[in-house]
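Student: I would like to learn how to read this model step by step, beginning with the terms and then turning to each feature. Could you guide me through it?

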Amino acid sequence: MATNHIVKQGEHLARIAAQYGFRDYTTIWGHPANAALKQKRKSPHVLHPGDTVIIPEKAVKTETRPTGAQHVFRVKTKKLALHIKLQDATGKPITSEACDVAAESDQRKLTTNSDGLVKRRIPADAESGQLQAGVFQAPIRIGHLDPVDEISGQVGRLNNLGYRGGPLDGSDKDRFLSAVEEFQCDNGLKVDGICGPQTQAKLKEVHGS
Amino acid sequence: MAVDQPPSPPDPTAGAGTGGIAAAHAEEDTSPVLLSPTDASDHNTVRMALFPVACWRMDDLRFAFDSSFPNAGAAKEMRELKSLVEAYPGAPISIFGHADPVGADDYNKKLSGRRAMAVFGLLTRDVAMWETLYQDTSDWGPKTVEEMLLALGQDPGRIDGELDDEARKAVKEFQQKNGLAVDGIAGPLTRKKLFQEYIDLLCGPDFRLDKNKDFLAQGADSGGKGDYQGCGEFNPVLLLSQSEMQEFEKPENHLRRNAENGPDRRVVIFLFRPGSRVDAQRWPCPRAKEGIAGCKKRFWSDAGRRRAVGGERREFGKTQDTFACRFYHRIAGDSPCERQRAPGMDWLSITLLDVEHKPLPHTPYQLTVGDRGFRTYTDGKGRLSQLVPRDSSQGTLRLGGQQFDLTIKPLPPVEELLGVQIRLKNLGYDCGAADGNLNPETTEALRQFQDLHGLTVDGESNSDTQAKLKEVYGH
């Protein structure tokens, strides 16, 4: 029997899938019951608190092997990654920079490439971590970035991009307005302070997710 | 009184007045970075946002009016900046000059840019940059040579921008002292040495910033992008009300307007989180020498409202809505250096009379209020007028060999006996204790005053006498 899962803050599909014993979250994402959610949120990694994910019944896979022999079963688990592009305050990539990206207690020493990019694998249940590059240091929360069509998702991205948009609910009107207008100005959009569909699309593009 | 001896130069760096502020910012934001897990094609971008950790402000008091030349009083703010920089090792800095909203946008942009350049040149000991500012004679010019000579102990006489015999003598003394060719002309070599010595005086021997290391854009742009810039009049901390502006439009009120606007004319430095980096070419502010087009791109969409003069005067510290530039607002909005504005300024006007009550026109005087020293001549009517900090309470006036200690506070009205006594006393009469109580000396002083001005001599403070006293005294 299918189960309805209500998404909580910080949850993404891979983590939800793991909770229900699914090794591959794409099984859930691709299920026809979640077509509307998929359409709405586009990415399984960026869900919004309150979203409903329908967890289908797990299919029982039958493998037939003869007895009296040893068999190796390789279970395919969909791997999850964390990609971060580091930039200076004005958006220039910080290249060849040594940095530490910790997901829970698993710390990796990495070096940014010519785009300022670092990549690492993360377990589906990793939520808290730490990012450190030179003297820059910040705690990270994996899975906490909300969809770009929600105000919290817009502020989250603007904050990551250094625009300091204030609290996630946009309640600091001046900060939010300044962040949206500065972003629009930097990206050749019409500067009106309204984070509409065009600005949202650009925000997603510039942020990278 | 006889005026025959030239006054000796004041110690321009002495005193307890204040021409700025140095302060720490509130703790930086440590809220977590929110990320999404990613597929191969996605990523999260994390920019190292600009967070100011401390700020410094130098007020208008440290510049000549309408000029970018820092006066010798700036030594005090330089000492404060030195302590601040030492307290935040590795925190890169950027300099922002500001003007008041009077005059054309473009003119104010350039004036504020020159003030930022002057401070940058001071901190990096870039005498070539100072020479560039000097060449702009509308702003610096010969008067600055005289000011520097005075501060360095070579008395140039009257500070008026005219290199007369006395000034040339001072130049020669300076040249002699510094092993330069002695010709009495402040040419490029002499100026270079003057700049070096004067900067040494202001910054002290061991405070020097490295333009390629200590500034935000690390000197990557020869025009100083990211390192120093002028905001023009776009980010005032004080906007006068409509009625005040109308009143100040009248030419006779311009001096008062310039005093009221004083807090807007400032130079602010931010120290950013250590390790902060910017790309000079992507830095949003135009160069100090460039026009206002780049600034306007950064205006809030409702900048018109923010810049508009309203029914009430507005202060950034209270309303946070007087900056037109949202980029500057983002950096400076929470800064104590912008929220605590400078004390206002007032004009101190004094008419100097001799013992026979005749004005002393074109008379050299030396006025010290707080740590601000003035040294020039009275006007044709024997009057001196100087801008002093509003909270000033004491000063000294030297005139020839005489020194007067000044108590600066509102004068009681002439209808009160104390108001009568203070006025008479300032006019040279003996009023005894002058404490608001009637005494024989005051009665005698009133009789003398009445006699001199053809009034009924009765020693009474009557309305005729009060009116005459007000007229003679000036207010």
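Tutor: Let us begin with a term: helices (H or I, at least four residues) and strands (E, at least two) are DSSP runs, numbered from the N terminus. This is a predicted model, in which local features need pLDDT of at least 70 and side-chain atom pairs count only at pLDDT 80 or more, while totals for chains, interfaces and linings use all residues. Residues are numbered from 1 along each chain as its sequence is written, and chains are lettered from A and ligands numbered from 1 in the order in which they are written.

Student: What does the secondary structure of chain A come to?

Tutor: Chain A has six helices and eight strands, and along the sequence they follow the pattern β-α-α-α-β-β-β-β-β-β-β-α-α-α. Its C-alpha atoms fill a box of roughly 70 × 40 × 25 Å along the principal axes.

Student: In what order do the five strands of the open sheet stand?

Tutor: Strands of a sheet pair through backbone hydrogen bonds, either parallel or antiparallel. Two strands are said to pair if DSSP finds at least two bridges between them. In this model the order is β5(A)-β4(A)-β7(A)-β8(A)-β2(B), with mixed pairing. At the edges stand β5 of chain A and β2 (33-35) of chain B, each with a single partner strand, so one side of each is left without a neighbour in the sheet. Where the chains meet in this sheet, β8(A) and β2(B) run parallel and are joined by three bridges, and Arg141(A) stands opposite Leu34(B).

Student: How many residues does each chain give to the contact?

Tutor: Two residues are in contact if their C-beta atoms, placed from the backbone, lie within 7 Å. The contact takes 47 residues from chain A and 32 residues from chain B. On the side of chain A that touches chain B, β3(A) gives the most, with eight residues. β3(A) also pairs in the parallel sense with strand β3 (residues 44-47) of chain B, over four bridges, and there Gln87(A) has Arg47(B) as its bridge partner.

Student: Which residues have the most contacts inside the largest nonpolar core?

Tutor: In soluble globular proteins, nonpolar side chains tend to be buried together. A nonpolar core is a set of buried Ala, Val, Leu, Ile, Met, Phe, Trp, Tyr and Cys residues joined through C-beta atoms within 7 Å. The largest one here has 123 residues, and those with the most contacts inside it are Leu13(A), Ile95(B), Ala116(B), Leu202(B) and Cys325(B). Helix α2 (residues 105-124) of chain B gives the most to this core, with seven residues.

Note on methods:
A residue is buried if 20 or more other C-beta atoms lie within 10 Å of its own, exposed if 12 or fewer, and partly exposed in between; C-beta atoms are placed from the backbone.
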